[in-house]
Every structure is written in C-alpha cells, then in structure tokens.
Amino acid sequence: NLGFLEPHSAQIARKEWWAGLIAYNLIRWTMAGAAALAQVPVLRLSFCRARDLLLGWLARSPGHPRSARAWKRLLNRISAAQQPKRRKRPPSEPRALRSFQKDFPTLKGSRAAARKKLSQNRTNS
C-alpha cells in the first residue's frame, strides 16, 4: 500500500516508502527462490499468497532462529500457490478512473417508504 501513505513529515514518508520497497523486494526474492526450487516461471506465482505465507512464517515464533528445513517448506508452499494457466493473455487496460454518473435520484426517507411508493406507482400505471 505504498500509494496510501499518511505521514506527518517528509522524513517519515521517506522511511515508510523505503520500508515498503524493502518488504516488496523481500517478497519478490522469496518468490524467485520458490520458483527456482520448483522450476516454474516466477510470473506464475501469486504475489498476494506469497506475501501472506511469508508474513505468517515470520510471525510464528519470532524469537526462535529459522531452520533451513522450515525455509524450504515455506518455499514449497509458495511454489504451490500458482496462478491458473490462462488460454490467452487479457488485453491491456488503460490506467484511468471511470467516472460514475448518478442516473438515479438520491433516496429520501426510508427504503421501505420508497418501495411502497414504487409499488403504488406500478399499480397506477
């Protein structure tokens, strides 16, 4: 969530940005290790699932040293979290926001009263 920083100073913003960048690179490095271990393309692995697995692994017993066996088990779990094979690549989408227009008037009063008024209008027409 580096796009939603809410720091109170430029120095804190820089620190948060660097921390986010380091965390992102740590996740990508772990994904690269998992992909190499399983011999699959790194782009097939799920970033979100890798992040969740790595955070869970780091949160378990924070004071204990990590073993190589536990690390390899984590990499195996990450390599198992693959994206589905798609038949064709989805088309590129422009980076723009869709402007939503309000086609309906705002609701005034309770929803039940609005339903009652709508049903009366339907029976009268």
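Predicted model: local features only at pLDDT ≥ 70, side-chain atom pairs only at ≥ 80, totals over all residues.
The protein has four helices and zero strands, and reading along the sequence you get α-α-α-α. Of its 125 residues, 15% are buried. As for contacts between residues at least 6 apart in sequence, 49% of them join residues at least 24 apart.

Let's look at helix α3, residues 68-80.

Which residues of α3 are buried? Those are Ala70, Leu74, Leu75, Ile78 and Ser79. In general, an α-helix has 3.6 residues a turn, so residues three or four places apart point the same way. What covers the buried residues of α3 includes α1 (10-38) and α2 (47-59).

The largest nonpolar core has 14 residues, and Met31, Leu45, Leu74 and Ile78 have the most contacts inside it. Helices α1, α2 and α3 each put in at least two residues. Take Met31: skipping neighbours within four places in sequence, it touches Val42, Leu45, Ser46, Phe47, Ala50 and Ile78.

Last stop, the largest pocket. There's about 380 Å³ of space in there. The lining is Leu43, Arg44, Gln83, Pro84, Arg86, Lys88, Arg89 and Pro90. By class, that's four charged residues, three nonpolar and one polar.

Note on methods:
Residues numbered from 1 in each chain as written. Heavy atoms only, no water. Buried < 20%, exposed > 50% of the residue type's maximum accessible area, 1.4 Å probe, protein only. Contact = heavy atoms within 4.5 Å. 1 Å grid on protein atoms, 1.4 Å probe; cavity = no way out; pocket = protein on both sides within 12 Å on 5 of 7 lines; lining within 4 Å. Points joined across faces, edges and corners; volume = space filled by probe spheres on them. Nonpolar A, V, L, I, M, F, W, Y, C, P; charged D, E, K, R; others polar. Core = buried A, V, L, I, M, F, W, Y, C linked by side-chain atoms within 4.5 Å.
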